[in-house]
Amino acid sequence: MDNDEQFFGRWVPSSRPPLEPLANREAIEQSRGSAQCTRCGHWLTVADQLPNGALYCRQCLQLGRLTTHHKLYTIPEPNQFPMMTESPLTWSGQLKPQQVVAATAIRELAATKRNQLLWAVTGAGKTEILYPALAWALQQGWRVAWASPRVDVCLELAPRLARAFAGVPQAVLHGKQEQPYTYRQLTICTTHQLLRFQAAFDWLIVDEVDAFPLTTSPMLQRAVKQAQKPSGSHIFLTATPGPHLQKLVAQRKIAVTYVPLRYHGYLLPQMQVHLSWQWRQRLLKGQLPGQLIRQLREYQRTGQRFLLFVPHIADLPPIAAVLAQAGVVGGVTVHAADAERAEKVQAMRDGRCQFLVTTTILERGVTFPNVAVVILGGDDAVFSTAALVQIAGRAGRHAAHPRGEVTCYCQSQSRTIQQARAMISHLNRQGRQQGGQ
């Protein structure tokens, strides 16, 4: 890659600045006794001082350490991508009628550079719904980023987009990426990676916009804003928009396209709730609810693959031990800090794994054909209403198996469980109006 290309639309700390640096700035700006990281906006304190006296930013440390000794260099995004005479879309699939309506609306809004929201029920096929608009944008020579708060979403999305747009080179950026950065027209990345960019993208697609940590992180919200060109626009994708997004829609400050029906025409599976008194105390004694064990044994007998969601990482080892003792075998545990996380998820996708016992990291953005979903401790504070709806949406996603089973075991029917069931019912009512089954 041309040395200068790494600076296009990016602020880069470098000992070899571009041949003709058009802009540079201090990595840590100091003024009147205060200091701020210019990459992520974090305000530094005396606790952020190194032994040599330099200040450093710990907030965006995972992107590489910045200190008061560093400078950042950039070259404004030149958009060195020619317009295409033909659509770059190589996807051979076909959209369903309700998807076509949504896809057309999104493409028209993108052409007018209007910020927008795609509010699509889990399993609606929102990735494919974006294909016509994305193809149009790339054909115009626009630079596009598809970002998500979750690494798992990026890992699943990248190969799908590579197949759907086979002639468009793409860059895939996340914290575990080993390949060096490349300047590409299409970038798939985590929202953390957007902190490196400045006015780089004509169209910014933010997937799972309601997911942690984006919803609670001003730093990442800043990253989304600064990565988009002033002349550009963005589209947010979610099945469960939060109050802020819903308020923007109500105030007509952002356009919205609704897709209340899954791509295969079936409704969301409703969550079945079973009360399990003091299940955690029983777990300390090496036991799990009898009804849960019977259900999982039946899944094992019939070959039904499943996901078992639990509240905390600390719950994984004892639950795995109880399952093994009960004869429920062929699965593995997985969590965010698991070094083999990607390999385990891929094994589940490939059918080489019978089940996963997981934390909320798999609540969204991953698709496994024909899985049942079980939630243990659904009334725990870690499971928000949005998380429960997303988890329920892991079931019934495949057209060949559209009626998945979702079961929640809890000590009490918390408000979040009730709200999740109510949201699923509301979405299904809308879906039935469009002929959903």
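## Basis of the description

The model is predicted, so local features are described at pLDDT of at least 70 and side-chain atom pairs at pLDDT 80 or more, while totals for chains, interfaces and linings use all residues. Residues are numbered from 1 along each chain as its sequence is written, and side-chain values use heavy atoms, with hydrogens and water left out.

Helices (H or I, at least four residues) and strands (E, at least two) are DSSP runs numbered from the N terminus. Axes are lines fitted to C-alpha atoms, for helices over the stretch in contact, and angles run from 0 to 180 degrees between N-to-C directions.

## The seven-stranded sheet

Seven strands form an open sheet in the order S9-S10-S8-S11-S12-S7-S13, and their pairing is parallel; two strands count as paired if DSSP finds at least two bridges between them. The edges are held by strand S9 (170–173) and strand S13 (255–259), each of which has a single partner strand, so one side of each is left without a neighbour in the sheet. From one strand to the next, the twist averages 15°.

Within this sheet, strand S7 (residues 116–120) pairs with strand S12 (residues 228–238) in the parallel sense over four bridges, and the bridge partner of Gln 116 in S12 is Ile 235. Helix H5 (residues 243–250) packs on the sheet, where H5 touches S7, S12 and S13 and its direction makes about 115° with that of S7; contact here means heavy atoms within 4.5 Å.

Thr 190 lies in strand S10 (residues 186–190) and is buried, with a relative accessible area of 4%. Buried means under 20% relative accessible area, exposed means over 50%, and partly exposed lies in between (1.4 Å probe, protein chains only). Leaving aside residues up to four places away in sequence, Thr 190 touches Ser 148, Arg 150, Val 151, Cys 154, Leu 173 and His 174.

## The six-stranded sheet

A further open sheet has six strands in the order S14-S19-S18-S15-S17-S16, again with parallel pairing. Strand S14 (271–275) and strand S16 (331–334) stand at its edges with a single partner strand each, so one side of each is left without a neighbour in the sheet. The twist in this sheet averages 20° from one strand to the next. S16 pairs with strand S17 (residues 355–358) in the parallel sense over four bridges, and Val 357 in S17 is the bridge partner of Thr 333.

Helix H8 (residues 316–325) lies across strand S15 (305–309), S16, S17 and strand S18 (371–376), running at about 145° to S17. Helix H10 (residues 385–392) lies across S14, S15, S18 and strand S19 (406–410), running at about 150° to S18. H10 is mostly covered, with eight of its eight residues buried, and these buried residues pack against S14, S15, S18, S19 and helix H11 (415–433).

## Helix H2 and its two partners

Helix H1 (residues 97–111) and helix H2 (residues 126–139) pack at an angle of about 30°, with their axes 7 Å apart. That makes H1 roughly parallel to H2, where angles under 35 degrees count as roughly parallel, over 145 as roughly antiparallel, 65 to 115 as roughly perpendicular and the rest as oblique. The contact draws on residues including Ala 102, Ala 103 and Ile 106 of H1 and Ile 129, Leu 130 and Trp 136 of H2, and by class it has 10 nonpolar, one polar and one charged residues. In this classification Ala, Val, Leu, Ile, Met, Phe, Trp, Tyr, Cys and Pro count as nonpolar, Asp, Glu, Lys and Arg as charged, and the others, Gly among them, as polar.

H2 also packs with helix H3 (residues 151–164), at an angle of about 45° and with their axes 12 Å apart, and the two helices are therefore oblique to each other. Thr 127, Glu 128, Tyr 131 and Leu 134 of H2 meet Leu 157, Arg 160, Leu 161 and Ala 164 of H3, a contact with five nonpolar, one polar and two charged residues.

## Helices H3 and H9

H3 packs with helix H9 (residues 341–349) at an angle of about 50°, with their axes 11 Å apart, which makes H3 oblique to H9. Asp 152, Leu 155 and Glu 156 of H3 form this contact with Arg 341, Ala 342, Val 345 and Arg 349 of H9, and by class the contact has three nonpolar, no polar and four charged residues.
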